[in-house]
Amino acid sequence: MLGDIEYNINELFKQLGLECSDEAVDAFIKANQLPEAVKLVEAPFWTEQQRAFLKEEYKLDAVWIGPIDELNSRLHSDNMQN
(Lines give C-alpha, C1' and ligand atoms only; values in the text may rest on other atoms or scores of the structure.)
Protein backbone atom coordinates (compact mmCIF):
# COMPACT_ATOMS: atom_id res chain seq x y z
CA MET A 1 0.00 0.00 0.00
CA LEU A 2 1.08 3.52 -0.70
CA GLY A 3 2.45 5.21 2.38
CA ASP A 4 3.08 2.03 4.35
CA ILE A 5 5.77 2.56 6.94
CA GLU A 6 7.76 -0.15 8.65
CA TYR A 7 7.78 0.91 12.29
CA ASN A 8 11.39 0.28 13.28
CA ILE A 9 14.20 2.32 14.79
CA ASN A 10 15.50 3.46 11.39
CA GLU A 11 12.09 4.84 10.44
CA LEU A 12 11.79 6.43 13.89
CA PHE A 13 15.03 8.31 13.22
CA LYS A 14 13.62 9.41 9.86
CA GLN A 15 10.47 10.69 11.62
CA LEU A 16 12.69 12.60 14.04
CA GLY A 17 14.56 14.20 11.13
CA LEU A 18 17.79 12.34 11.86
CA GLU A 19 20.07 10.29 9.64
CA CYS A 20 18.45 6.86 9.53
CA SER A 21 21.03 4.41 8.17
CA ASP A 22 22.08 1.59 10.50
CA GLU A 23 25.51 3.20 10.84
CA ALA A 24 24.04 6.63 11.67
CA VAL A 25 21.64 5.16 14.24
CA ASP A 26 24.45 3.20 15.90
CA ALA A 27 26.75 6.26 15.93
CA PHE A 28 24.03 8.48 17.42
CA ILE A 29 23.30 5.96 20.16
CA LYS A 30 26.98 5.44 20.96
CA ALA A 31 27.60 9.21 21.13
CA ASN A 32 24.53 9.98 23.25
CA GLN A 33 24.41 7.42 26.04
CA LEU A 34 22.19 8.60 28.89
CA PRO A 35 22.62 8.24 32.64
CA GLU A 36 20.07 5.93 34.21
CA ALA A 37 18.29 8.85 35.91
CA VAL A 38 17.69 10.74 32.63
CA LYS A 39 14.45 9.83 30.88
CA LEU A 40 14.49 9.51 27.12
CA VAL A 41 12.31 12.59 26.59
CA GLU A 42 14.49 14.64 28.96
CA ALA A 43 17.65 14.03 26.94
CA PRO A 44 19.35 17.34 26.13
CA PHE A 45 19.96 16.52 22.46
CA TRP A 46 16.29 16.56 21.34
CA THR A 47 14.69 19.58 19.73
CA GLU A 48 11.32 20.64 21.14
CA GLN A 49 9.61 19.09 18.11
CA GLN A 50 11.42 15.77 18.55
CA ARG A 51 10.66 15.75 22.28
CA ALA A 52 6.97 16.49 21.62
CA PHE A 53 6.77 13.68 19.04
CA LEU A 54 8.33 11.14 21.43
CA LYS A 55 6.08 12.19 24.32
CA GLU A 56 2.92 12.12 22.25
CA GLU A 57 3.62 8.77 20.62
CA TYR A 58 4.55 7.21 23.94
CA LYS A 59 1.47 8.66 25.65
CA LEU A 60 -0.79 7.29 22.91
CA ASP A 61 0.91 3.88 23.06
CA ALA A 62 0.99 4.33 19.32
CA VAL A 63 2.63 2.34 16.55
CA TRP A 64 6.00 3.91 17.40
CA ILE A 65 6.08 2.52 20.97
CA GLY A 66 8.27 -0.48 20.03
CA PRO A 67 10.97 1.57 18.31
CA ILE A 68 10.82 4.22 21.07
CA ASP A 69 11.32 1.52 23.72
CA GLU A 70 14.22 0.10 21.71
CA LEU A 71 15.81 3.54 21.44
CA ASN A 72 15.36 4.12 25.16
CA SER A 73 16.99 0.78 26.00
CA ARG A 74 19.89 1.34 23.64
CA LEU A 75 20.53 4.89 24.89
CA HIS A 76 20.71 3.52 28.44
CA SER A 77 22.71 0.40 27.52
CA ASP A 78 25.94 1.56 29.20
CA ASN A 79 24.08 1.45 32.52
CA MET A 80 23.12 -2.18 31.99
CA GLN A 81 26.73 -3.25 31.65
CA ASN A 82 27.68 -2.03 35.15
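In this predicted model, the largest pocket is lined by Lys-39, Leu-40, Val-41, Leu-54, Lys-55, Tyr-58, Ile-68, Asp-69 and Asn-72. A pocket here is an open set of points on a 1 Å grid over the protein atoms alone, where a 1.4 Å probe fits and protein lies on both sides within 12 Å along at least five of seven lines, and lining residues have an atom within 4 Å of a point. Helix H3 (48-60) and helix H4 (65-75) are the elements that give two or more residues to this lining; helices are DSSP runs of H or I with at least four residues, numbered from the N terminus. The space in the largest pocket is about 150 Å³, a volume being the space filled by probe spheres set on the points, which are joined across faces, edges and corners.

| Class in the lining of the largest pocket | Residues |
|---|---|
| nonpolar (Ala, Val, Leu, Ile, Met, Phe, Trp, Tyr, Cys, Pro) | five |
| charged (Asp, Glu, Lys, Arg) | three |
| polar (the others, Gly among them) | one |

H3 and H4 pack with their axes 9 Å apart, at an angle of about 120 degrees, which makes H3 oblique to H4. Axes are lines fitted to C-alpha atoms over the stretch in contact, with angles from 0 to 180 degrees between N-to-C directions; oblique covers what is left after under 35 (roughly parallel), over 145 (roughly antiparallel) and 65 to 115 degrees (roughly perpendicular).

Leu-34, in the loop between helix H2 (22-31) and H3, counts as buried because its relative accessibility is 6%, the cut-off being under 20% relative accessible area with a 1.4 Å probe and protein chains only. Between Leu-34 and Tyr-58 there are 18 Å in space, C-alpha to C-alpha, and the two are 24 residues apart in sequence.

Residues are numbered from 1 along each chain as its sequence is written, and side-chain values use heavy atoms, without hydrogens and water. As the model is predicted, local features need pLDDT of at least 70 and side-chain atom pairs count only at pLDDT 80 or more, whereas totals for chains, interfaces and linings use all residues.

Terms used:
Buried < 20%, exposed > 50% of the residue type's maximum accessible area, 1.4 Å probe, protein only.
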